[in-house]
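Please look through the model shown here before reading on. The note is meant for someone who has not seen this structure before.

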Amino acid sequence: MLEMTATGKSKGQWVFYRNFDDTVDYLSDQPRILAFNPFCRKVESLDQDDAYRWHFRVTDPQNNPFDVIFNIQQESEILVDLPDEVASMDPEEMSDEMIRQFTVGRKITWRPLPASKTFAMPEKYLFEGKVSAEMLIAPMQPERTRVDFDLKVNVKFLLYPAFRIVPEKVVRTMVSTGMTVIMQTATNHMFQKISKDFGKIRKL
């Protein structure tokens, strides 16, 4: 059997018809938003701040279902645009009101949990995947917020002998293309479902 890595990519821009703070709070809730991903079976919180384990079930190129585990660290960064007169100020000296005044957005990042912070894996799982993603969230109007979503997923799985008649390079290209289509479809589906739970969303 041949071990294969599939890389799927997905991106898009949406307008959320809610204020900036509500949108940030909602999209920071991984278990809630991933409940709308058709491949996600469960999201569990690990014993560490903003660390999660995703349980996904997907199908390989031969339409065989298999389970994938993702260990994820979520990070949140406030994006500010400081005027010249305060640009050199120590961030620790800035008041909450100053930070709020100059905030132009928020970046939520998902990245693989560092190897030094691994947790015991379930007894029965087949593969571990890697996820890298960014959500750039920016206020547009009092009740409009723009969200730019960029996702990359790597999943390893095994191809059975029947697939070996196709050149490996062709198989890798075909598998990654298929994974990208799957990820883009899942992303669109997830945001459509979010719109029914959170409120009106428009894809740009």
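The numbered points below take up a pocket, the aromatic rings, the charges placed over rings, and one threonine.

1. This is a predicted model, and the points that follow should be read with that in mind.

2. The largest pocket has a volume of about 230 Å³. Its lining is made up of Phe-20, Asp-21, Ile-78, Asp-96, Ile-99, Arg-100, Thr-103, Arg-106 and Pro-139. Two or more lining residues are given by each of α1 (20-27), α4 (96-102) and β5 (103-112). The largest share, three residues, comes from α4.

3. Sorted by class, the lining of the largest pocket consists of four nonpolar, one polar and four charged residues. Among the residues in the lining are Asp-21, Asp-96, Arg-100 and Arg-106, and Asp and Arg count as charged.

4. Aromatic rings deserve a separate look. The search of the whole structure finds 10 aromatic pairs. One aromatic cluster is formed by Trp-14, Phe-16, Tyr-26, Trp-54, Phe-56, Phe-70, Trp-110, Phe-149, Phe-191 and Phe-198.

5. How are the rings of Trp-110 and Phe-149 set, stacked or edge-to-face? Their centres are 6.2 Å apart and their planes stand at 75°. Planes over 60 degrees apart count as edge-to-face, so this pair is edge-to-face.

6. The pair made by Trp-110 and Phe-149 links distant parts of the chain. Trp-110 lies in strand β5, while Phe-149 belongs to strand β7 (residues 144-159), and 39 residues separate the two.

7. Are these two residues buried or exposed? The cut-off for buried is under 20% relative accessible area. Trp-110 has 3% relative accessibility and therefore counts as buried. Phe-149 is also at 3%, so Phe-149 counts as buried.

8. Two charged side chains are placed over rings. The charged end of Arg-18 sits over the ring of Phe-198, at 4.2 Å from the ring centre; Phe-198 is one of the residues in the aromatic cluster. The charged end of Lys-200 sits over the ring of Tyr-17, at 4.4 Å from the centre of that ring.

9. Thr-109 is found in strand β5. With a relative accessible area of 9%, which is under 20%, Thr-109 is buried. Leaving aside residues up to four places away in sequence, Thr-109 touches Gln-73, Gln-74, Glu-75, Ala-133 and Glu-134.

Note on methods
Residues are numbered from 1 along each chain as its sequence is written. This is a predicted model: local features need pLDDT of at least 70, side-chain atom pairs count only at pLDDT 80 or more; totals for chains, interfaces and linings use all residues. Side-chain values use heavy atoms; hydrogens and water are left out. On a 1 Å grid over the protein atoms alone, a cavity is a set of points where a 1.4 Å probe fits but cannot get out, and a pocket is an open set with protein on both sides within 12 Å along at least five of seven lines; lining residues have an atom within 4 Å of a point. Grid points are joined across faces, edges and corners, and a volume is the space filled by probe spheres set on the points. Helices (H or I, at least four residues) and strands (E, at least two) are DSSP runs, numbered from the N terminus. Rings of Phe, Tyr and Trp (its six-membered ring) pair if their centres lie within 6.5 Å; planes under 30 degrees apart count as stacked, over 60 as edge-to-face and the rest as tilted. Buried means under 20% relative accessible area, exposed over 50%, partly exposed in between (1.4 Å probe, protein chains only). A charge sits over a ring if NZ of Lys or CZ of Arg is within 6 Å of the ring centre and within 35 degrees of the ring normal. Contact means heavy atoms within 4.5 Å.
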